[in-house]
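Here is a short briefing on the backbone for you. Have a look at the chain first, and then we can walk through a few spots in its loops together.

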Amino acid sequence: MISVFCGFLCFLWLFFYFCGYYSGTEKMIDIRILREHPELVKANCKRRGCPVDVDRLLADDAACLALQRETEDLRAQRNQLSRECREKPEAREQVRDIKEKLAEKESELNQLKGRLNRNLAWLPNLLADDVPEGDGDQDNVPLRESGEKPVFDFAPATHEVIGERLGIIDTARGARVAQSGFYYWSGRGAQLASALFFWAQQELVKRGFKLFMTPCLAKEATLFGTGYLPFFQDQTYRLEGEDLSLIGTSEQTLVGYHAGETLPAQSLPLRYAAFSPCFRTEAGSYGKETRGIFRVHQFHKVEQIIFCRPADSPSFHAQCQENEEYLMQALGLHYQVVDICVGDLGAPGYKKYDIEAWFAGYGGYREVASNTNLTDFQTRRLAIRCQDQDGGRCFPHTISATAVTDRVVCAILEHYQHADGSVSVPEVLRPLTGFDRIE
RNA sequence: GGAGAGGUGGCUGAGUGGUUGAAAGUACCGGUUUGCUAAACCGGCGUGCGGGAAACCGCACCGAGGGUUCGAAUCCCUCCCUCUCCGCCA
């Protein structure tokens with residue numbers, strides 16, 4: 001009974017959420033969703049196991065509104081009296097009184113607002129109804145497979161073994177020069193990786209993406225706006241004494257590209273792509289996947305980003321998925337698509353799919369790409385709006401999806417290995433590598 | 001890194017203490033005139049928050065943050081950014 005009721009509320013909410021933007025009158029922000037449908041926000045938090053105290057947010061918000069009315073009232077009085085001051089100098093005394101009261105209220109308001117905003121920053125995005133329940137990656141739901149699992153008449157090696165044997169992955173020197181968790185691609189391995197990244201960029205351009213090379217450092221406001229702060233603060237490398245961090249993905253700089261701007265609705269969708277290094281401290285993941293270069297402090301990624309009208313985000317989410325899978329298929333890799341469950345879906349995400357490639361040497365599927373519909377979570381934080389010709393304004397939705405990463409190179413190594421230890425180059429990359437085999 | 005100039009609405013650009021949210025132009029939208037186009041003329045035209053059924057009202061915003069003042073786009077301080085010149089440099 002209760003769940004039916006909740007379902008109905010969700011339906012109602014979604015209806016307004018997706019349709020409201022086109023009315024031109026709906027200008028909800030997080031706090032308004034909270035005010036108007038607190039039960040939805042609470043249910044969402046509960047589903048995510050998120051500790052935000054919604055009732056306290058509501059109480060703080062109500063207090064803020066009351067205080068805001070008071071201060072605005074005082075300011076209105078002050079402004080009125082100031083205007084009279086030229087004719088009636090005695091009004092100056094009155095204004096001084098008001099100013100004192102105003103200063104008190106203002107500082108009270110600022111304090112309260114600060115607390116409210118700090119707590120609001122931790123509120124996760126809403127979830128799509130069809131996100132599978134679950135606590136962690138073990139509960140993700142495989143949806144489909146593609147390609148053939150390769151068959152070997154020998155025991156296939158893992159990418160770290162292949163990489164070392166062929167002298168194309170060097171983790172020892174990576175650790176010596178930088179730190180454990182860094183590595184070199186070298187020789188034909190570096191050529192293969194470069195070819196893959198270049199190829200993927202060209203494919204995205206063919207599919208309508210505009211290619212960028214972006215800053216690899218970004219300021220706090222950018223990381224906050226894209227939802228990486230405060231949620232993934234401990235994953236971020238921050239420069240000492242500067243308001244700059246190493247980017248964890250070019251998503252941060254591509255979405256942040258339009259911070260504070262109003263985009264004409266007719267310019268949407270915007271399809272952006274970039275290749276960049278990605279830096280992650282991987283704090284808390286010590287001991288997990290330490291072998292090879294699967295989990296490292298710096299990797300490289302070709303990324304796809306889409307800004308679109310709110311109603312269109314599900315279809316562009318699907319389109320990004322298709323792009324990802326096209327690349328995997330063109331490379332001849334075997335993979336499965338996984339529907340990410342609640343417990344494995346980051347706070348900014350509304351709905352997410354991963355691609356897990358088959359790693360023959362490892363003997364299992366491992367994540368190589370992910371594709372997230374972030375709805376308006378990022379655009380609200382970054383104040384990116386869209387405006388249609390009749391003046392209606394809304395927050396565009398963003399899709400953030402991987403194209404390829406170094407992990408795909410690893411999958412290639414394991415998929416295309418031979419008994420003699422050599423590795424074939426996927427057909428589509430041969431024109432770029434100039435060789436068809438690494439031995 | 002050194003020296004100078006500057007940051008005002010989609011754009012250009014006035015404004016140096018008081019109904020200035022901000023002249024003017026341009027762009028844009030609506031209308032009139034016109035054989036079409038162009039031109040001319042008239043009107044409209046920022047955003048956010050709060051209040052209101054609505055009309056509408058209030059507050060805030062002239063790079064950001066503080067300060068002076070009854071009152072700040074305008075005065076003072078700090079920071080950021082842009083441009084020009086010099087130096088250095090992939």
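A residue counts as buried if 20 or more other C-beta atoms lie within 10 Å of its own, as exposed if 12 or fewer do, and as partly exposed in between, with C-beta atoms placed from the backbone. This is a predicted model, in which local features need pLDDT of at least 70 and side-chain atom pairs count only at pLDDT 80 or more, while totals for chains, interfaces and linings use all residues. Residues are numbered from 1 along each chain as its sequence is written, and chains are lettered from A and ligands numbered from 1 in the order in which they are written. Helices (H or I, at least four residues) and strands (E, at least two) are DSSP runs, numbered from the N terminus.

As background, most residues other than glycine have a negative phi, and most peptide bonds are trans.

**Cis peptide bonds**

- L229 and P230 are joined by a cis peptide bond, with omega about 0°.
- P230 sits in the loop between α9 (220-225) and β6 (245-246).
- Another cis peptide bond, also with omega about 0°, links L268 and P269.
- For P269, the place is the loop between β7 (262-264) and β8 (270-279).

- E282, which is not a glycine, has a positive phi near 55°.
- You will find E282 in the loop between β8 and β9 (298-308), and this residue is partly exposed because 16 other C-beta atoms lie within 10 Å.
- T375, also a residue other than glycine, has a positive phi near 45°.
- The loop between β12 (364-373) and α12 (377-382) holds T375.
- Is T375 buried or exposed? T375 is buried, because 26 other C-beta atoms lie within 10 Å.
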